[in-house]
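Hi,

Here's the structure I promised to pass along.

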Amino acid sequence: MKRQIVCRQANVAFGVGIRKLALSAALGSSASPANLPSDSEGQDWIIHDKDLLRKSLTESGTGLHVLDLVNRASLEADRTLYSKLLNKCSQTGQLKHATIVHAHILTSQFNNDLPILNTLLNTYVKCGSLDDAHHLFDEMPHRDLVTWTSLISGYSQLDRPRESLVLFPQMLRHGLVPNQFTLSSLLKAAGAGPDPDDRHGRQLHAYCFKCGFDSNVYVGTSLVDMYARCGLMDDSQIIFDALHSKNEVSWNALIAGHARKGQGEHALRLFWNMLRGGFKPTHFTYSSVFTVCAGAGSMEQGKWVHSHMIKSGVNLVAFVGNTLLDMYAKSGSIEDARKVFDRLVKRDVVSWNSMLTGYAQHGLGKEAVQLFQEMLRNGVQPNDISFLCVLTACSHSHLLDEGQYYFHLMKKRFKIEPQVFHYVTMVDLLGRAGLLDRADKFIREMLTEPTAAVWGALLGACRMHNNIDLGAYAAKRAFELDPSDSGPYIILANMYASAGRLNDAAKVRKMMKEGGVKKEPACSWVEIENAVHMFVANDDAHPQRAEIYRRWEMISKKIKEIGYVPDTSHVLFFVDQQEREFKLQFHSEKLALAFALLNTPPGSTIRIKKNIRVCGDCHSAIKYVSKVERREIIVRDTNRFHHFRDGSCSCGDYW
């Protein structure tokens, strides 16, 4: 039987929890509110849920038809009616209607009723109006724990943590003792922000311990999350281990903390432990694990987790689908990423941006442009990240005209002011096209001060087109703005070395040494049977090192026979040609490739990841290897993906 409010003039009976929305005549007839019979003794009306927020029928009304009925004594107002109206406002986010109900409450006998005012305060919070909530809080003649907790939770949930934390000592001074919900909200606030300070969190932890709340599963989970968000994973683990009872949220907090810190191995180990403990992963669990797999490029593990998610019956909703899409794209399978995108239950702007990013990373500029146009046709409003993605895709695919068009479209049609990263991409776009003078002019005409990244983009373009003079100038500006970044030093030194100017290259190396600037050690890794194997140059730590070295020496002979010539121009040492060639032969990506050839079936795709840009000689060598071994080799470096097939690379030797 449907739950209803039945109202009779001056005689009202209320149901509990209305589910339908309509105001109809007695006995459930279909008469509309406009055709209601005139008020008469004995006449009943039924108010269904959908009519609670129906607008007034006349301009002189309150704004809500139900309240108009109250004003003309056709309906008696009580706590149930006001609570249902306010709950409906909360569910639908109708702030305007909430203010109408508020105004009506103030003229009623419930103007100082604490439960009603608490419900009203919570409604303002749910509608996102913290200013209205706090104003009501200040005017309330009496406040209880529910009042304080509602406002504290509101500030915590709506990313205003400081205000949330300020309220706590005030609450204590009023003699109130917090409950688990108050403390959980405060701990959330203590761990909020881009760089949270654990000082407030530790004070709250001490209070929880003093009051015996630290073993409460909700408060304990909030403590785990707070320490994890502060980056204190050891403390987070200690709290987690001490919990007498854990739930899925407890596991999610710890897994997400390791994921945010890039500690993929820890996060995956926790995921397996969670499964072994009989806990069911949620959307948030899978999202964190996919993020970890994306960072490491661990497609095999990501596929296993994906299959587990499918078997568990978890729907591919936007946020978990977005991380899954990103995982496949960053693991080198843009085709699988597109399949996930096409199967998303609902796409948001992050979904479109994730797919655009994938196309950009893989150098698929035309596909990115087509997707961006489809995004606009679907009525999805692009943001600054959307334009960054499409500009990057245009840059990596030499789509100069399209890139310039979208840069101007961003400003003129969508009124999005370019950020530094947009300018960096435009400099890269012009520079890759060989328009170095235009790129230099573009930098000088920027509305904001150029950063080291902007000059670094010009320096990279100068390296591609062998313009040493302009490159040296760009490098000098980059040194001034970010003297600790080793990248510009290495690029400039390599440019000098390639031009045979070894003395100048040595001077740059000396500048690095005197400035205490250290080059990030290059490393490459490859995933084989769910295990990640990492290599550095001249690596002698791997158990198969002897077989790896022999395999690469054999491959090196094969590719030299079909035209490979080692590019020794980047070797910054005064040694003879043979010594220079030897130093090139055992770079980390070559060792990873040799290992993969030893341990994967013939004809299978090889996926290698590298933490810095792949060097020119390794790029050339891998092209030849893909031809002699008849393999597709996918290399992900910091710039993009390189798909090597049959002796050529998807980047067109331009990266």
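Let's start with Ser386: skipping neighbours within four places in sequence, its contacts (heavy atoms within 4.5 Å) are Val349, Asn353, Leu356, Phe372 and Met375. With Asn353 there is a side-chain to side-chain polar contact at 2.5 Å; that term means N or O atoms within 3.5 Å, one able to donate a hydrogen and the other to accept it, with residues adjacent in sequence counting only if both atoms are side-chain atoms. The C-alpha of Ser386 sits 8.1 Å from that of Val349, 37 residues away along the chain.

Before you go further: this is a predicted model, with local features needing pLDDT of at least 70, side-chain atom pairs pLDDT 80 or more, and totals for chains, interfaces and linings using all residues. Numbering runs from 1 along each chain as its sequence is written, and side-chain values use heavy atoms, leaving out hydrogens and water.

Ser386 belongs to helix H20 (helices are DSSP runs of H or I, at least four residues, numbered from the N terminus). Its relative accessible area is 0%, so it counts as buried (under 20%, with a 1.4 Å probe and protein chains only).

His396 is in helix H20 too, which spans residues 384-396. His396 is also buried, at 8%. A polar atom of its side chain lies 3.1 Å from the backbone oxygen of Ala360. Beyond neighbours within four places in sequence, His396 is in contact with Ala360, Gly363, Asp428, Arg432, Asn639 and Arg640.

Cheers

Key
Helix = DSSP H or I, 4+ residues; strand = E, 2+ residues; numbered from the N terminus. Buried < 20%, exposed > 50% of the residue type's maximum accessible area, 1.4 Å probe, protein only.
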